[in-house]
Amino acid sequence: MASELCKTISVARLEKHKNLFLNYRNLQHFPLELLKDEGLQYLERLYMKRNSLTTLPENLAQKLPNLVELYLHSNNIVVVPEAIGSLIKLQCLDLSDNALEIVCPEIGRLRALRHLRLANNQLQFLPPVFLFVCRQWALHMYVSI
């Protein structure tokens, strides 16, 4: 499985793919191959739903700067790093069905964000910035608290 994953990522890098599907791979860690060298600079959509991820890398925005959509539905993510706020082109972020207890306020820096899915987590509250963000940017947010 690991060699298949490496091959998939290598092909995506070589052919400058804009979409990468890594769903249902039983990934427990974010693949370091995605973050090697210059990363996947052309990648716009990353699909990683139904894995077993618990964290995201701090350098995600540096290595995948052109992400427009990030799908992390149905993992075991507990914390979203503050660096998520540096994904300035991100329009859609799906973190539903994870283990989030809090959401970092840095998500409020995502000015292009239009769809945020946080349903079915263990959130107790949302940072005040979310109310402002929803009103100012016409953000569609799906949350269950």
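Me: Contact means heavy atoms within 4.5 Å. Which residues does asparagine 75 touch, not counting those up to four places away in sequence?

Reply: Asparagine 75 touches Met48, Lys49, Arg50, Asn51, Ser52, Leu53, Asp97 and Asn98. This is a predicted model, in which local features need pLDDT of at least 70 and side-chain atom pairs count only at pLDDT 80 or more, while totals for chains, interfaces and linings use all residues. Residues are numbered from 1 along each chain as its sequence is written, and side-chain values use heavy atoms, leaving out hydrogens and water.

Me: Why is asparagine 75 called buried?

Reply: Buried means under 20% relative accessible area, exposed over 50%, and partly exposed in between, with a 1.4 Å probe and protein chains only. Asparagine 75 has 4% relative accessibility, so it counts as buried. Its place is in the loop between strand 3 (69–71) and strand 4; strands (E, at least two residues) and helices (H or I, at least four) are DSSP runs, numbered from the N terminus.

Me: What does the side chain of asparagine 75 reach at 3.0 Å?

Reply: That side chain reaches the backbone oxygen of methionine 48.

Me: Why does arginine 109 count as partly exposed?

Reply: The relative accessibility of arginine 109 is 43%, and therefore the residue counts as partly exposed. Arginine 109 is in the loop between strand 4 (92–94) and strand 5 (115–117).

Me: What makes the link between the side chains of arginine 109 and serine 86 a polar contact?

Reply: A polar contact is a pair of N or O atoms within 3.5 Å; within protein, one must be able to donate a hydrogen and the other to accept it, and residues adjacent in sequence count only if both atoms are side-chain atoms. The contact joining these two side chains is 3.3 Å. Beyond four places in sequence, arginine 109 touches Glu82, Gly85 and Ser86.

Me: How many residues are in the largest nonpolar core?

Reply: The largest nonpolar core has 37 residues, and Leu46, Leu70 and Ile84 have the most contacts inside it. Helix 1 (2–14) and helix 2 (60–63) each supply at least two residues of this core, and helix 1 gives the most, with three. Such a core is a set of buried Ala, Val, Leu, Ile, Met, Phe, Trp, Tyr and Cys residues joined through side-chain atoms within 4.5 Å.

Me: Which residues is leucine 70 in contact with, leaving aside neighbours within four places in sequence?

Reply: Leucine 70 is in contact with residues including Leu46, Ile84 and Leu93.
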